[in-house]
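Please keep the sequence and the structure in view while working through each solution.

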Amino acid sequence: MILQYFQLIENTISRFESIQTYSLNKRVISDFFGIISGSITLSVGILDFLEVVKMNDDGNPVKKKFKYHFRGTDNELIFRYDNVPHYPDIDTFPNHKHIGNSVEASHEPDLYFVLMEINHEFLK
């Protein structure tokens, strides 16, 4: 099951013509648990991501940990979604989004959502 999820991530990446290059690291812990991380290069910056995923009995992924860190070509943070539990006052705790030096409430995104955001907001 986890290998199917890893393939879904690769399929998602292949859907975006704006991606110049990418690299992935996949670690299978068991058939139902794994870690996938990667770096995706676009003309406007680099998206580094990490997902620690457990597949539930229905075959749906549950992210135990995630990070989508988008930085510009100057290496400055543009935004980062993560679920590190260090902002307990945010309504969507532990999920949140860093934009520059600020932090705001956020849902749990997936890679497709983040790539769509980059394409719509930064590749106009």
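**Exercise 1.** In what sense do β2 and β3 pair, and over how many bridges?

*Solution.* Some conventions come first. This is a predicted model, in which local features need pLDDT of at least 70 and side-chain atom pairs count only at pLDDT 80 or more, while totals for chains, interfaces and linings use all residues. Residues are numbered from 1 along each chain as its sequence is written, and side-chain values use heavy atoms, with hydrogens and water left out.

Helices (H or I, at least four residues) and strands (E, at least two) are DSSP runs, numbered from the N terminus. Two strands pair if DSSP finds at least two bridges between them.

Step 1. The pairing of β2 with β3 is antiparallel and extends over ten bridges.
Step 2. Within this pairing, Ile36 faces Glu51 of β3.
Step 3. The two strands are connected by a hairpin through two residues.

**Exercise 2.** At what angle do α1 and α2 pack, and which residues meet?

*Solution.* Axes are lines fitted to C-alpha atoms, for helices over the stretch in contact, and angles run from 0 to 180 degrees between N-to-C directions. Contact means heavy atoms within 4.5 Å.

Step 1. The angle between α1 and α2 is about 15°, and their axes are 10 Å apart.
Step 2. The two helices α1 and α2 are therefore roughly parallel, a label given to angles under 35 degrees.
Step 3. Ile9, Thr12 and Ile13 of α1 meet Leu111, Tyr112 and Leu115 of α2.

**Exercise 3.** How many residues has the largest nonpolar core, and which have the most contacts inside it?

*Solution.* A nonpolar core is a set of buried Ala, Val, Leu, Ile, Met, Phe, Trp, Tyr and Cys residues joined through side-chain atoms within 4.5 Å. Buried means under 20% relative accessible area (1.4 Å probe, protein chains only).

Step 1. The largest nonpolar core holds 24 residues, and Ile40, Leu47, Phe49, Tyr68 and Leu111 have the most contacts inside it.
Step 2. Elements supplying at least two residues each include α1 (2–14), β3 (45–55) and α2 (111–122). The most comes from α1, which gives five residues.
Step 3. Beyond its neighbours within four places in sequence, Ile40 contacts several residues, among them Ile13, Leu47, Phe49, Leu111 and Leu115.
Step 4. β3 is mostly covered, with nine of its eleven residues buried.

Methods:
Buried < 20%, exposed > 50% of the residue type's maximum accessible area, 1.4 Å probe, protein only. Parallel < 35°, antiparallel > 145°, perpendicular 65-115°, else oblique.
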